[in-house]
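Student: I have a structure open and would like to learn how to read it. Can we go through it together?

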Amino acid sequence: MSKARSDKAAADLDTPTDLPEGAVNKISAALNTLLADAFALYVKTKNFHWHVSGRHFHDYHLMLDEQSEAIFATTDQLAERVRKLGGTTLRSIGQIAKSQTIKDNNEEYVPPREMLRELMEDNKHVAAAMRKAHKLADDNEDSGTAGLLETFIDETERRTWFLFEASRQEGSNAA
């Protein structure tokens, strides 16, 4: 069922759904925040990929490139999920900047271990936000969003794990 919208642009983008308008709005807002964070985390991961240095350069450079590609791969699916629900999604860098909860890192130099630890914390933050969005989807019987997020949570936890292991102190179990 299509919901009537008050402005023409929104009406032109109206997508049929059986979810109540309130659920569409809440889930779309949560997914748009995840989308903004995915773009922010992608750029930060690429930044660190481009600027990593030191004796583990090769391994870190490749790992961060792989992780940035995986993060970027989530963006289209998140945005399209919003549209499938009947919501609208992000339209600009400015909107991303306003919506992101991941902090940018504009430092001229970041030591490699600090890069990995910062990305690990950011990925943990994203996984927690995905779990909240998953609960919201479950509470509103939106199994499509819940299923998509289950896959993304697992991928985010994998990145967190790899970043944790790569950032451990030599010969120690300490983080």
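**Reading the helices**

Tutor: Let's start with α6, whose buried residues are covered by elements including α2, α3 and α5. This is a predicted model, where local features need pLDDT of at least 70, side-chain atom pairs count only at pLDDT 80 or more, and totals for chains, interfaces and linings use all residues. Residues are numbered from 1 along each chain as its sequence is written, and side-chain values use heavy atoms, with hydrogens and water left out.

Student: Which residues of α6 are buried?

Tutor: Buried means under 20% relative accessible area, using a 1.4 Å probe and protein chains only. In α6 that gives Thr145, Ala146, Leu148, Leu149, Phe152, Ile153, Thr156, Arg159, Thr160, Leu163 and Ser167. Here's the general idea: an α-helix has 3.6 residues a turn, so residues three or four places apart point the same way.

Student: How many helices and strands does the protein chain have?

Tutor: Helices (H or I, at least four residues) and strands (E, at least two) are DSSP runs, numbered from the N terminus. The protein chain has 6 helices and 0 strands.

Student: At what angle do α2 and α5 pack?

Tutor: For α2 and α5 the angle is about 165 degrees, with the axes 10 Å apart. Angles over 145 degrees count as roughly antiparallel, so α2 and α5 are roughly antiparallel to each other. Contact means heavy atoms within 4.5 Å, and residues making it include Leu34 and Phe48 of α2 and Met130 and Leu136 of α5.

Student: Which residues of the largest nonpolar core touch the most other members?

Tutor: A nonpolar core is a set of buried Ala, Val, Leu, Ile, Met, Phe, Trp, Tyr and Cys residues joined through side-chain atoms within 4.5 Å. The largest one here has 36 residues, and Leu31, Leu34, Leu64, Leu78, Met130, Leu149 and Leu163 touch the most other members. At least two residues each come from α2, α3, α5 and α6, and α2 gives the most, with 10.

Student: What does leucine 31 contact?

Tutor: Leaving aside neighbours within four places in sequence, leucine 31 is in contact with Leu78, Arg81, Val82, Leu85, Thr145 and Leu149.

Technical notes. Buried means under 20% relative accessible area, exposed over 50%, partly exposed in between (1.4 Å probe, protein chains only). Axes are lines fitted to C-alpha atoms, for helices over the stretch in contact, and angles run from 0 to 180 degrees between N-to-C directions. Angles under 35 degrees count as roughly parallel, over 145 as roughly antiparallel, 65 to 115 as roughly perpendicular and the rest as oblique.
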